[in-house]
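Work through the exercises below with the structure open. Each task is followed by its solution.

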Amino acid sequence: MEFLAAIFQQFAEILLPLIKASMISVTCTVLALLAGVLGYFYGPYWGVRKVPGPPAIPFLGHLPLLAKYGPDVFSILAKRYGPIFRFHMGRQPLVIVADPELCREVGIKKFKDIPNRSIPSPIAASPLHQKGLFFTRDSRWSTMRNTILSVYQPSHLAKLVPTMQEVIESATDNLDDKPDFTFSDLSLKLATDVIGQAAFGVNFGLSNSVNKMNNQHDDNEVQQFINQHIYSTTQLKMDLSGSFSIILGLLVPIIQEPFRQILRRIPGTTDWKVDRTNKNLSSRLDGIVEKKMKEKDRGSKDFLSLILSARESNTLSKNIFTSDYVSAVTYEHLLAGSATTSFTLSTIIYLVAGHPEVEKKLLEEIDTFGPHDQMPTPPDLQSKFPYLNQVIKEAMRFYTVSPLVARETLTQVNIGGYNLPKGTWVWLALGVLAKDPKNFPEPEKFKPERFDPNCEEEKRRHPYANIPFGIGPRACIGQKFSLQEIKLSLIHLYRKYVFRHSPQTKTPLQLEYGIVLNFKHGVKVQAIKRSCKP
Ligand code: HEM
């Protein structure tokens, strides 16, 4: 017995220190892990903790508020916390700037310290979307932007007028055939057709009924392409309704990519579908780019031809515009140019249909311009349609299609009295600015007259209060292009029709957050043919 006790004691003497040591090391590991996890989740918060904001729920941040209030959440928070506040998109804090002067500071005055966009979770999960101008950074961005700018000269835009007009005319034939139709579907097809011609020199023929009947095979091809484009775009959700990898990207970004890599291999998951769709889209785009590259006499009518020609004549842009970047930039045009323009057109039709006094003034201006078959020139569009201009501005204020514009600090920088560390996501809340009663009294009223250059409200207003196309060197490159298209479309539409809300339209319009705003149920209207023909 004594012998056993001695052995046990000896064992205890040897083992206890070992157990103690391993317990210490386990505790240390657990503590280190805990510190790592806390550092990972609270590190980004720590740098911006002094910026005011509501208490954030661990992991989810303020996403539940986004789910509860939708896009209005930022106006609600701006009222409570002032013109600069924190909003946690899951783990990632955003510093939201909701004041025109601070937007000028971020977008223009301190541009060299804040030149890039942060990459949100939906884009981080989508390599197809990352190589366009929108998300490229630093010197690659400025070289790409300068090359692209050179093909956005007014003379080139003027050349696009007949092409745009042709698409608009064929898309809007016989709208009064059906009692009700979803205008937002039609406008998406129209905008995609216009950008298809302008960006690729390709006739998608989505909105052209004659083409549909004559070329069933091509139409299926095109329909597939566009369905894929729409699917790929609408899956880019900014809330918790996106694919699993996007949700992970919002909550635990570090594991987003490994999970996406696994999920995209599991048939049936959203990530698998998105990946398949993006691959298909990429290969179709690569096909279009390759075909264009081989064309000897490709001309200079479309954006892709212009980029390819610039690439061939300039070694620098050849290095920057490798063929994957050419595909991405061209696809980006389709993406940026279709959803935004179509949304804007639909909101204008919807708002004017609900405001007979606006409709009356607009029709008068359009009819006074000249015979209905007289196509307006770009200078006409600039100077002969002042009220149309006001209607567009007011509709874009009322429904700001990009209510948030992303930026990221390159170095430590002071904004609004707060020192923001390098890498802070600073987002400009264009949607909040647009509904601020200081600059827009009675902001919930649709009043194009507030943009009359002679009206006091317009004269008093801060110059950066209404910036639906963004601000500074990174502002929208397609602004003139889309305004030209929107004006031509509206002039043509109101020459032929007036619109009324369909009884099926839910008022006010229900919106959802994608990478830009979108309609939950579409905009349904009735078209009534106008009888008068000047
Ligand atoms: C109603 C129509 C449109 C609206 C409201 C709109 C809005 C915007 C906004 C808010 C930005 C971000 C600006 C910033 O960060 O300051 C942007 C950027 C951009 N837009 Fe548009 N856009 C429209 C149409 C178009 C069209 C038609 C194209 C292409 C043909 C286009 C191409 C781009 C590109 C490439 C960028 C990124 C620019 C850069 O980072 O250098 N957009 N747009």
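**Exercise 1. Find which residues of α7 are buried, and which are exposed.**

Solution. This is a predicted model. Count neighbours: a residue is buried if 20 or more other C-beta atoms lie within 10 Å of its own, and exposed if 12 or fewer do. In α7, M144, T147 and I148 come out as buried. Their arc around the axis is only 95°, so they sit on the same side of α7. The general rule is that an α-helix has 3.6 residues a turn, so residues three or four places apart point the same way. D138, S139, N146 and L149 are exposed, on the other side of α7.

**Exercise 2. Check the span of helix α7 against its 13 residues.**

Solution. Helix α7 covers residues 138–150. Take 1.5 Å times one less than the number of residues.

**Exercise 3. Work out the strand order of the open sheet, and name its edge strands.**

Solution. The order of the 3 strands is β3-β11-β8, with antiparallel pairing. β3 (181–182) and β8 (497–501) each pair on one side only, so they are the edge strands. Between β3 and β11 (residues 524–529) there are 2 bridges. T182 lies opposite K524 in β11.

**Exercise 4. Describe the shell around the ligand.**

Solution. Start with the nearest of the 25 residues: G337, T340, G470, C476 and G478. Next, sort by class: 12 are nonpolar, 10 polar and 3 charged. Then look at the helices. α18 (323–353) and α24 (479–496) each supply at least two residues. α18 gives the largest share, 7 residues.

Note on methods:
Residues are numbered from 1 along each chain as its sequence is written. This is a predicted model: local features need pLDDT of at least 70, side-chain atom pairs count only at pLDDT 80 or more; totals for chains, interfaces and linings use all residues. A residue is near a molecule or strand if its C-beta atom, placed from the backbone, lies within 6 Å of it. Helices (H or I, at least four residues) and strands (E, at least two) are DSSP runs, numbered from the N terminus. Ala, Val, Leu, Ile, Met, Phe, Trp, Tyr, Cys and Pro count as nonpolar, Asp, Glu, Lys and Arg as charged, and the others, Gly among them, as polar. The arc is that of the directions from the helix axis to the C-beta atoms. Two strands pair if DSSP finds at least two bridges between them.
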